[in-house]
Amino acid sequence: MHLQKLETGNSSFDHIAHGGLPLGRTTLVAGSSGSAKTLFGAQFLAMGIQLFDQPGVFVTFEEQVDDIRNNLKSFNWDIDTWEKEGKWIFLDAAPKEENIIAVGDFDLSAFRIRLERAVEKCGAQRVVIDSIGSIFTQFHEEMHTIRRELIQVALTLSRLGATSIITAERLEEYGKITRFGVEEFLTDNVIILRNVLHNEKRRRTIEILKFRGSNHEKGENPFSISAEKAIVIIPLSAMNLMHITSNERVTSGIPALDEMINGGFYKGSINLVSGAIGAGKTLMVTNFVNGIRERKERCLLMAFEESSQQLYRNAASWGIDFKQLEDEGLLKVICIYPEISSLEDHFINIQEIVKTFKPDRIAIDSLSALSRASSDKGFREFIIAFTSYLKHHEITGLFTSNTPLLAGGTSDTEGNISPITDTIILLRYVEMSGEMQRSIAVLKMRGSKHDTSIRKFTITDEGANIGKHFEGISGILTGSPILIKLE
């Protein structure tokens, strides 16, 4: 039997849930304090009304209705209007001081009647009960009775044909599912929200632990919260490697480099330029941007280390006019400090720009700056998601990465990205007879032959100049060049 799903309306969630929440069933959403459980539930109701005209009931066992209403005002949901139209009903089940029931008399039958009335009144197809834990706190001696009563609530919802979410509190991010063992009787469908603190950086994730009788993506997927879209999930586990691969070439903006890589970068490829500070990475990016002139392509340049003024000035000093490209609508430059927001937010921001601007190329200068804004795991996941996204949209990417040592070596950033790049270009310093010179080499190029020599690289007023290969020297890439006597 194939389990039917109800599309929630949050497309990123429906993607990892393979279609949505189990239709007509109850799903337990568990998370620690501040993990966005209430928001997850509210979004489920709001999307139901906005996209599918499916009314909903929001039950609160803990917070006051006014508080929840105010907290949700920051999102673009017109809850007041929906309440007036009878599409959204708040049901306040938060225990009042005067209503404390004597121990032994715990009974949710009155609540079930109120819930049933509310569901029937608006024809609710979606119900959220937030958060079940407060009942346990008050009547912890009555565990057995509470469980029995909550099973009755779930059965009532099922009989009414509503698809529902019950939220519950957890005390730790990686421990038992809920604080009071709620999962023991709501075992069919379980989702876990996490808000983990690691190295002073928070990372939010969602995991569908199980949907009884139905498939879903396994593992944790990072998510972000935005005012426009509430919860946005980055579906890492659903990223596939089924990319369109093109044989079309696009120019790097430097004719001599195009020659080294057998005619230019492949369209839709991911290309990395690695080098120490001042080795010429930004110059490579500037030429890559300028390469759009040839076929009137569009390029998005994300700079995480320099201001737009610096970028324009540098480009102008090499005879490249960024302002003109912007005026022609071919270039969009965005300069931001990476620490301003999380990598998930940066990724969502880039996706929004891609939708409207539709670039053929994206340049990021530099990935090393971006890696500071997250944990190693978070950065690795961002890179996988981002490169997968670019390939899916056939956007040619050029990223730069800083090496810690002037003469070479690799950084953690490169370790994370190099396996998924199509081309790696190394810019290195070489000491020759007491003088620092620059070198350029193509370390790899997937699916194409390329020049394997290490060539001289100079930066002049005209820009990048690639010369002959270094003769009689070994060990440039390891950072310890040795002169070899030529016979």
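I began with strand E6, which is joined to strand E7 (residues 163–169) by 4 bridges, the two running parallel; strands here are DSSP runs of type E of at least two residues and helices are H or I runs of at least four, numbered from the N terminus, and two strands pair if DSSP finds at least two bridges between them. Across this pairing, Val127 stands opposite Ser164 in E7.

I noted that the model is predicted, with local features needing pLDDT of at least 70 and side-chain atom pairs counted only at pLDDT 80 or more, while totals for chains, interfaces and linings use all residues. Residues are numbered from 1 along each chain as its sequence is written, and side-chain values use heavy atoms, leaving out hydrogens and water.

I then looked up strand E4 (residues 56–60), which runs parallel to E6 and is joined to E6 by 5 bridges, with Val59 opposite Ile129.

Is E6 buried or exposed? I found 5 of the 5 residues of E6 (residues 126–130) buried (under 20% relative accessible area; exposed is over 50%, partly exposed in between, with a 1.4 Å probe and protein chains only), so E6 is largely enclosed by the rest of the structure. Arg126, Val128 and Asp130 lie on one side, and Val127 and Ile129 on the other.

I next turned to an open sheet of 9 strands with mixed pairing, in the order E16-E15-E17-E18-E14-E19-E20-E21-E22. Strands E16 (331–335) and E22 (463–469) stand at its edges, each with a single partner strand, so one side of each is left without a neighbour in the sheet. Strand E15 (residues 299–303) pairs with E16 in the parallel sense over 5 bridges, and Cys299 stands opposite Leu331 in E16.
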